[in-house]
Amino acid sequence: MMRCCRPLQRRITFPKPRFSYPRKRAITYAALRLRLQRLKQLPGRGVAVTARGDDVDVVSRWFGPKVGVEEDPVTGSAHTSLAPYWAARLSKQALTARQGGARQGALNCVVEGERVMIKGRVAPYLMGQITLPENASLR
């Protein structure tokens, strides 16, 4: 058990590598305070904390002090791992999700086989065009 994240139910390791700490209640998740310096010592880019929501299917928070993000209000990449976990647990493929502490965002996630489709509102900050060489692999 890690002191920076107590009390934990259990730890789930995702293949990316990413850690998620499921909480029993959304209220516990909302009040969560982590020691960010301790989180920097963990492997991976960050830590996702998740719980079953009261008004949505899933609530989560993502902390990434190792990569310069104390708390990200909405992390699509984290939901590519969280959505399959909750889809299996809740026996449903389409999920509503809310992420964040003080700043929050909403997502709709649909698990389709090994893919996760994520929808939500965005605030664009950069628009551009990327040109790849013709022989570039898009794998």
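## What you are looking at

This is a predicted model, in which local features need pLDDT of at least 70 and side-chain atom pairs count only at pLDDT 80 or more, while totals for chains, interfaces and linings use all residues. Residues are numbered from 1 along each chain as its sequence is written, and side-chain values use heavy atoms, with hydrogens and water left out.

As for pLDDT, it is the predictor's confidence in each residue, from 0 to 100. The protein chain has a mean of 77, and 76% of its residues reach 70 or more. Over residues 1–19 the pLDDT is below 50, and this stretch has 56 contacts in the model beyond near neighbours in sequence (a contact means heavy atoms within 4.5 Å).

## The fold

The protein chain comes to 3 helices and 8 strands, and along the sequence they follow the pattern β-β-α-α-β-β-β-α-β-β-β. Both kinds of element are DSSP runs numbered from the N terminus: helices (H or I) have at least four residues, strands (E) at least two.

Of the 139 residues in the protein chain, 40% are buried. Buried means under 20% relative accessible area, exposed means over 50%, and partly exposed is in between (1.4 Å probe, protein chains only). If you take the contacts with a separation of 6 or more, 53% of them are between residues 24 or more positions apart.

## Charged pairs

Side chains of opposite charge can pair when their charged atoms come close. How many salt bridges does the structure hold? There are 3 salt bridges, each being a side-chain nitrogen of Lys or Arg within 4 Å of a carboxyl oxygen of Asp or Glu. One joins Arg 98 to Asp 55, with the closest N and O atoms 2.8 Å apart. That pair links distant parts of the chain, 43 residues apart: Arg 98 is in strand E6 (residues 94–100), and Asp 55 is in the loop between strand E3 (47–52) and strand E4 (58–64). Asp 55 counts as exposed, at 60% relative accessibility.

The loop between E3 and E4 also holds Asp 57, whose partner Lys 92 is in the loop between helix H3 (76–90) and E6, 35 residues apart. Asp 57 is buried at 10% relative accessibility, whereas Lys 92 is partly exposed at 33%. Then there is the pair of Glu 71 and Arg 61, which meet at 2.7 Å, N to O. Glu 71 is in strand E5 (residues 69–72) and Arg 61 in strand E4, 10 residues apart. Arg 61 is buried, with 5% relative accessibility, while Glu 71 is partly exposed at 26%.

## A residue with positive phi

Most residues other than glycine have a negative phi. Ser 91, though, has a phi near 55 degrees, a positive value. Look for Ser 91 in the loop between H3 and E6, where it counts as exposed with a relative accessible area of 66%.

## Pockets and cavities

Rolling a probe the size of a water molecule over the atoms shows where empty space is left. The search uses a 1 Å grid over the protein atoms alone: a cavity is a set of points where a 1.4 Å probe fits but cannot get out, a pocket is an open set with protein on both sides within 12 Å along at least five of seven lines, and lining residues have an atom within 4 Å of a point. Grid points are joined across faces, edges and corners, and a volume is the space filled by probe spheres set on the points. The largest pocket has about 220 Å³, and E7 gives the most to its lining, with 3 residues.

There are also 2 cavities of 30 Å³ or more. The largest cavity holds about 40 Å³, and its lining includes Val 47, Phe 63 and Lys 66. Val 47 belongs to strand E3 and is buried, with a relative accessible area of 3%. The second largest cavity holds about 30 Å³. Among the residues that line it are His 79, Trp 86 and Cys 109, and H3 gives the most to that lining, with 4 residues.
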